[in-house]
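Dear colleague,

Please read them beside the coordinates.

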Amino acid sequence: LAAAGGKTSVLVERFVAAVRDDGIAPGRILAITFTERAAGELRERVRDRLLELGDRQSARDTESAFVGTFHGFCAGLLRAHPFAADLDPDFAILDEGVAGRLREQAFATALREFLAAGGEAELDMLAAYGVDRVRAMVELVYLDLRSRGQTLPHLPVAAPRADAGELDVEAAAACVLIDDLLARFARANEQLKRSRASVDFDDLELLAQRLLSEHESVREEWSARFELLMVDEFQDTNPRQLAILRALDRANLFTVGDELQ
């Protein structure tokens, strides 16, 4: 545990101790933080600390360590095993601007299908909430559930209660309709990305998690590859990132986080 301003310092000192005291080669260390800028700062601080201690060889060897983001690690993993991950070997990674525009197209497609397959209930729901509000709700739920590990998100099905009032019944009916629209939106978005042989940032983690869980040989290979796993800003990890860490962990995971954040 470390407070704001101290987390990276703790990680730097543990990295240096692992190299100098435990004899772990830098190339056998996986250090993850949440931005490319932070990763660059971490690598530079580790190198500077080793130089300060007079260990020039280890300072040079830090270039072989994997110091980067979860997205960077997942991209490397998927590029090493594209067919096992059911990906085009030359897949592209969409920046958030392009991914957002594809989601706009996907919602338009989903909305047309939703209305074509529906009736008065669908029209009433859209009239009650407004198309823009429904779109915002669907996209927010989509992104939130994907952060929890759902590739094609669905709302949970609530069992009807015997004492349900009129508003509860109406809300449950609206949730069923929104879930239908959500499913159509998710499928349309996947088809658009697939047609471009591309993935978004969420896909990198979702597909990496699935690859590690479904292919034991891949999981074992990448788990054995690192003698030390390190994660900065651990309080910011999401469920799919935790699943990736659990798949790689063999009692060699070191995390730094602020319990008050």
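Over the ring of which residue does the charged end of R79 sit? The ring is that of F91, with the charged end 4.0 Å from its centre, where sitting over a ring requires NZ of Lys or CZ of Arg within 6 Å of the ring centre and within 35 degrees of the ring normal. Likewise, the charged end of R14 sits over the ring of F254, 5.9 Å from its centre.

Please keep in mind that this is a predicted model, in which local features need pLDDT of at least 70 and side-chain atom pairs count only at pLDDT 80 or more, while totals for chains, interfaces and linings use all residues. Residues are numbered from 1 along each chain as its sequence is written, and side-chain values use heavy atoms, with hydrogens and water left out.

Searching the whole structure gives six aromatic pairs, a pair being rings of Phe, Tyr and Trp (its six-membered ring) with centres within 6.5 Å, called stacked if the planes are under 30 degrees apart, edge-to-face if over 60 and tilted for the rest. One of them is the edge-to-face pair of F73 and W222, at 5.7 Å centre to centre and 80 degrees between the planes. F73 belongs to helix α4 (residues 70-80) and W222 to helix α10 (residues 216-225), 149 residues apart; helices here are DSSP runs of H or I with at least four residues, numbered from the N terminus. F73 counts as buried because its relative accessibility is 2%, buried meaning under 20% relative accessible area with a 1.4 Å probe and protein chains only, and W222 is buried at 7%. Ring pairs also join F66, F73, W222 and F226 into a cluster.

Best regards

Note on methods: Helices (H or I, at least four residues) and strands (E, at least two) are DSSP runs, numbered from the N terminus. Buried means under 20% relative accessible area, exposed over 50%, partly exposed in between (1.4 Å probe, protein chains only).
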